[in-house]
Amino acid sequence: MQLSDFYPVSTNTSLKESCYGALGALIGLLMTEWLCQWWLGVSPHWLIAPMGASAVLLFAAPASPLAQPWSILVGNSVSALMGVISASWIPDLALASAVAVMLAIAAMFMTRSLHPPGGAVALTAVIGGESITQLGFWYVLLPVFINSLLLLAMGLLYNRALGRRYPNGGKAAPNRHQTADPEPSKRIATHATDIDFALEKHGELLDISRQDLQALLQEAQLHALRERVGTVLCQDVMSRDLIVVAPEESAMVAWHRLSQHQIKALPVVDDAQRLVGILTLHDLMIDRQRQLPREAASLEQKRVADLMTREVRTARRYQPLYDLVESFSDGGLHHMPVVEGEQLVGILTQSDMVAALFNLALRPVADKAE
């Protein structure tokens, strides 16, 4: 043990998030008090002290597993029940207080609803005074459950208004194909089973969900990859000898050009070689209005300008290649024109990306062999 072990641990929380947490607690508690006291007419205990601790978790640490709806409602309620039972059965105040907190923790673990303020809820049932004692088992419903429910409702509204993910169930968003597979970038990263193994070996409770921990590890891995390959630029990998098409050319000409060169997209450029759009096999084969296969005869009557996509995602010539990995993997792009100013100078494809990243992965092995 060292003196530094007692120093404050950095939370890496921004000033903005700190202010949001403090303001949320103010709004949440004020609204809970007002609704209990004036709308429901609760008297005299329209708000109990442990709700302040619940507000800290709900508004300042909404991603914590200890701050989720089940933990707040069930954790506080079963703790209140344990407190009332202890106060009723054990005459000694000190012993009843300790037993109440012990039973509350055990009950929260059994119901998977661990919520630190639950300990204070149980203790309040024992040492809250005559007026609390007289409530008996009504203490569980009112004020504890009602306070918790109203505070939770305020937390849901507030966190959603700020764009926070709450409740934080830890479920990954579905991929772009609406299937159960994870996104491509996550398929060879740290798996949930690896996280489960580490957590089981650690044994102690960590105030972070398995899914959030997995996401943090993946972010760290991606950062390490960025540091390793960040010096490779788009111009180092892109194709320079480009097959292009002009907007006034026939769509059938574009079709033959794609077939001849066995490619899936044609950058569309004007006379000054400025990028004005992109034409893909999908554009040529599908009638966009009816989403049906396009008849070959109609290609003779169409110009490239009629079918091309005008809003084109592009890369810059000197942009780090790593910046585009997510667009080509999880984003589903197959090709991306590379520009310098408005001038088309190259194009990147999924094949280029795969080959480049594979060669970069092999580079350290080759260096060690020398």
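**Notebook: charged pairs and cysteines**

I started with arginine 164, which is buried at 13% relative accessibility (buried is under 20% relative accessible area, exposed over 50%, partly exposed in between, with a 1.4 Å probe and protein chains only). I'm working on a predicted model, where local features need pLDDT of at least 70, side-chain atom pairs count only at pLDDT 80 or more, and totals for chains, interfaces and linings use all residues. Residues are numbered from 1 along each chain as its sequence is written, and side-chain values use heavy atoms, with hydrogens and water left out.

Next I looked up the partner of arginine 164: its side chain meets glutamate 17 in a salt bridge, 2.7 Å from N to O (a side-chain nitrogen of Lys or Arg within 4 Å of a carboxyl oxygen of Asp or Glu). Glutamate 17 sits in helix H1 (15-39) and arginine 164 in the loop between helix H7 (138-161) and helix H8 (192-202), so this pair ties together parts 147 residues apart in sequence (helices, H or I with at least four residues, and strands, E with at least two, are DSSP runs numbered from the N terminus). Glutamate 17 is partly exposed at 30%.

I searched the whole structure and got 5 salt bridges. Among them, arginine 257 pairs with glutamate 249 at 3.1 Å between the closest N and O atoms. I have arginine 257 as partly exposed at 21%, and glutamate 249 as partly exposed at 24%.

Last, I checked for disulfides (cysteine sulfur atoms paired within 2.5 Å) and counted 0. Cysteine 234 is buried at 0%, while cysteine 19 is partly exposed at 43%.
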